[in-house]
Amino acid sequence: ALPIFGNKRAGLETARQALAAARAAGTKDVEAEAAVVIGMTSGYLHLNDEDLHFIREGLQIALSIDAAVIALSAYVDLSDQLTLVGRYEEAVTAAAEGLDLARRTRLTQYNGAYLMLNKAEPLLRLGRWAEAERVLAQGQALMPEGTFGAALYVLRAELDAMRGRFD
């Protein structure tokens with residue numbers, strides 16, 4: 001929880017220790033999750049290609065061991081980080097791949113709304129408004145709660161404003 005809610009630098013160090021321990025013990029699920037956490041956390045501190053490498057590495061490990069929940073988290077983090085640096089096409093692709101996995105594994109309720117948000121935002125930035133609108137509608141149909149649910153409506157309002165729809 002440190003990387004997400006607390007001191008990101010301390011959390012990053014803890015995740016690095018977890019990654020080293022997981023590799024030494026051969027626990028692939030912990031290795032995958034730790035790699036994703038390292039990439040996500042360091043990305044929020046100073047995003048560079050090495051941070052993306054950690055997320056991608058964790059994603060590949062998770063996929064190789066059929067750890068769908070970890071892979072979905074990796075897709076969320078990867079698409080988010082790619083959007084943050086303006087790599088919108090790659091972000092759309094990562095979110096779409098995550099949504100495909102969520103549908104195949106019947107985990108759309110788990111991270112589906114977040115992945116739809118992470119797909120819609122770069123679509124909006126790319127000017128692909130019709131696609132963004134469809135993805136936002138699909139996300140809203142899941143009736144997500146909390147931050148992700150609200151973010152879908154905020155992004156939809158942004159799209160409506162860009163189109164001149166203020167009603």
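## Helix packing, cores and loops

Modeller: Let's start with a pair in this predicted model: the axes of helix 6 and helix 7 lie 8 Å apart, and the two helices pack at an angle of about 160°.

Biologist: Why are helix 6 and helix 7 called roughly antiparallel?

Modeller: Angles over 145 degrees count as roughly antiparallel. Helix 6 and helix 7 pack at about 160°, and therefore they are roughly antiparallel to each other. Their crossing is left-handed. Helix 6 brings residues including Tyr 88, Ala 91, Leu 99 and Arg 103 to the contact, and helix 7 brings, among them, Thr 108, Leu 115, Lys 119 and Leu 123. By class, this contact has 11 nonpolar, four polar and three charged residues.

Biologist: How do you know that helix 8 and helix 9 are roughly antiparallel to each other?

Modeller: The same cut-off of 145 degrees applies. The axes of helix 8 (residues 129-141) and helix 9 (residues 146-162) cross at roughly 150° and come within 10 Å, so these helices too are roughly antiparallel. Among the residues in contact are Trp 129 and Leu 136 of helix 8, with Leu 155 and Met 162 of helix 9. Seven nonpolar, two polar and two charged residues make up the contact.

Biologist: Which residues touch the most other members of the largest nonpolar core?

Modeller: That core has 36 residues, and Leu 59, Ala 62, Leu 78, Leu 82, Leu 115, Leu 136 and Leu 155 touch the most other members. Elements giving two or more residues to the core include helix 4 (49-64), helix 5 (68-84) and helix 7 (108-125). Leaving aside residues up to four places away in sequence, Ala 62 touches Ala 32, Ala 67, Ile 70 and Ala 71. Another core, of seven residues, lies apart from the largest one and has Ala 15 and Leu 19 among its members.

Biologist: What makes Asp 66 count as exposed?

Modeller: Exposed means over 50% relative accessible area. Asp 66 has 72%, so Asp 66 is exposed. This residue is found in the loop between helix 4 and helix 5, and has a positive phi of about 55° although it is not a glycine. Most residues other than glycine have a negative phi.

Biologist: And why does Arg 106 count as exposed?

Modeller: Against the cut-off of 50%, Arg 106 has a relative accessibility of 78%, so Arg 106 counts as exposed. Arg 106 sits in the loop between helix 6 and helix 7, and its phi is positive, near 60°.

Technical notes. Residues are numbered from 1 along each chain as its sequence is written. This is a predicted model: local features need pLDDT of at least 70, side-chain atom pairs count only at pLDDT 80 or more; totals for chains, interfaces and linings use all residues. Side-chain values use heavy atoms; hydrogens and water are left out. Axes are lines fitted to C-alpha atoms, for helices over the stretch in contact, and angles run from 0 to 180 degrees between N-to-C directions. Helices (H or I, at least four residues) and strands (E, at least two) are DSSP runs, numbered from the N terminus. Angles under 35 degrees count as roughly parallel, over 145 as roughly antiparallel, 65 to 115 as roughly perpendicular and the rest as oblique. Contact means heavy atoms within 4.5 Å. Ala, Val, Leu, Ile, Met, Phe, Trp, Tyr, Cys and Pro count as nonpolar, Asp, Glu, Lys and Arg as charged, and the others, Gly among them, as polar. A nonpolar core is a set of buried Ala, Val, Leu, Ile, Met, Phe, Trp, Tyr and Cys residues joined through side-chain atoms within 4.5 Å. Buried means under 20% relative accessible area, exposed over 50%, partly exposed in between (1.4 Å probe, protein chains only). A crossing is left-handed if the near helix is turned anticlockwise from the far one by less than a right angle, and right-handed if clockwise.
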